[in-house]
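Dear colleague,

Please find below the structure I am handing over to you.

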Amino acid sequence: METLARLVTSSIGRKLLVAAVGFLLCGFLMTHLAGNMFLFVGEKAFNTYARVLESNPFLLPIELALLGVILLHAVVALYLNLTSLAARPVGYAMKRSRGGRTWGSATMVYTAVLIGVFLVIHVKTFKYGVRPSPEDLYGLVMSYLQDWRWALFYAVVMAGLGLHLSHGAWSATQTFGIDHPKYTPLIKGAGLAFAVVVAAVFTAIPIWACWFLGGAR
Ligand code: HEM
């Protein structure tokens with residue numbers, strides 16, 4: 001508790017916290033993406049996966065921890081952003097990121113807001129939405145993603161997520177002091193590859209559901 005208090009009261013501590021929590025969220029994204037791959041296998045496989053997941057007695061504490069981690073990441077990152085804006089003299093034009101200004105770094109706040117709004121809608125519709133039958137989460141997901149407007153919304157958000165990750169992954173490694181003339185370009189490339197793969201595979205789900213299963217209705 002004391003360590004956490006010390007972390008959130010210093011600027012570098014806050015940056016480390018945002019970076020560490022960001023890595024945790026990447027872990028969640030990868031497991032969520034892996035679970036969603038059952039959608040490609042079919043209705044029976046995905047509903048069985050959902051049943052196993054939902055019958056886990058640790059699900060509620062895990063969900064609460066996830067909510068806490070998401071809020072911590074968002075609130076501390078927003079605070080850092082606002083304080084850095086306030087500390088910057090008017091007309092300040094220097095590059096803030098050592099990686100240079102990229103689309104990812106320039107749009108970080110906007111993609112964060114997009115992901116936040118998406119999460120509220122996503123959890124409301126998929127977690128608390130009405131299923132065709134209690135055991136049919138696949139049917140609920142498909143009822144949304146086979147509609148081209150929802151599929152498009154998902155594709156746009158996933159592009160935003162990719163942009164956010166492309167800068168976030170790189171920036172987190174910098175915060176942890178991982179900086180070496182030889183390995184830094186490699187780490188930067190790995191962060192970018194991670195962002196592109198996660199965004200592309202998540203995007204493949206609504207595209208596949210809408211165009212191949214739903215006939216783009
Ligand atoms: C096409 C992409 C996606 C699909 C098909 C999908 C599917 C789902 C489904 C079916 C659920 C409900 C699980 C249940 O009730 O058992 C869910 C929950 C959730 N999803 Fe996604 N998801 C996608 C993308 C994302 C992304 C990109 C994020 C994060 C940025 C995300 C974050 C969450 C969260 C936080 C929950 C609530 C988890 C819980 O409380 O158990 N999802 N998703």
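Helices (H or I, at least four residues) and strands (E, at least two) are DSSP runs, numbered from the N terminus. The model is a predicted one, in which local features need pLDDT of at least 70, side-chain atom pairs count only at pLDDT 80 or more, and totals for chains, interfaces and linings use all residues. Residues are numbered from 1 along each chain as its sequence is written.

The chain reads α-α-α-α-α-α-α-α-α-α along its sequence, with 10 helices and zero strands. Its C-alpha atoms fill a box of roughly 55 × 40 × 35 Å along the principal axes. Of its 217 residues, 18% count as buried (20 or more other C-beta atoms within 10 Å of the residue's own, with C-beta atoms placed from the backbone).

Around the ligand there are 19 residues, of which Glu 63, Phe 126, Lys 127, Phe 202 and Ile 205 come nearest; a residue belongs here if its C-beta atom, placed from the backbone, lies within 6 Å of the molecule. H7 (108–127) is among the helices supplying at least two residues of this shell, and its six residues form the largest share.

The largest nonpolar core has 22 residues, and Leu 145, Met 158, Leu 161, Ala 199 and Phe 202 touch the most other members. Such a core is a set of buried Ala, Val, Leu, Ile, Met, Phe, Trp, Tyr and Cys residues joined through C-beta atoms within 7 Å. H8, H9 and H10 each supply at least two residues of this core, with the largest share, nine residues, coming from H9.

With kind regards

How values were computed
Buried ≥ 20, exposed ≤ 12 C-beta atoms within 10 Å, placed from the backbone.
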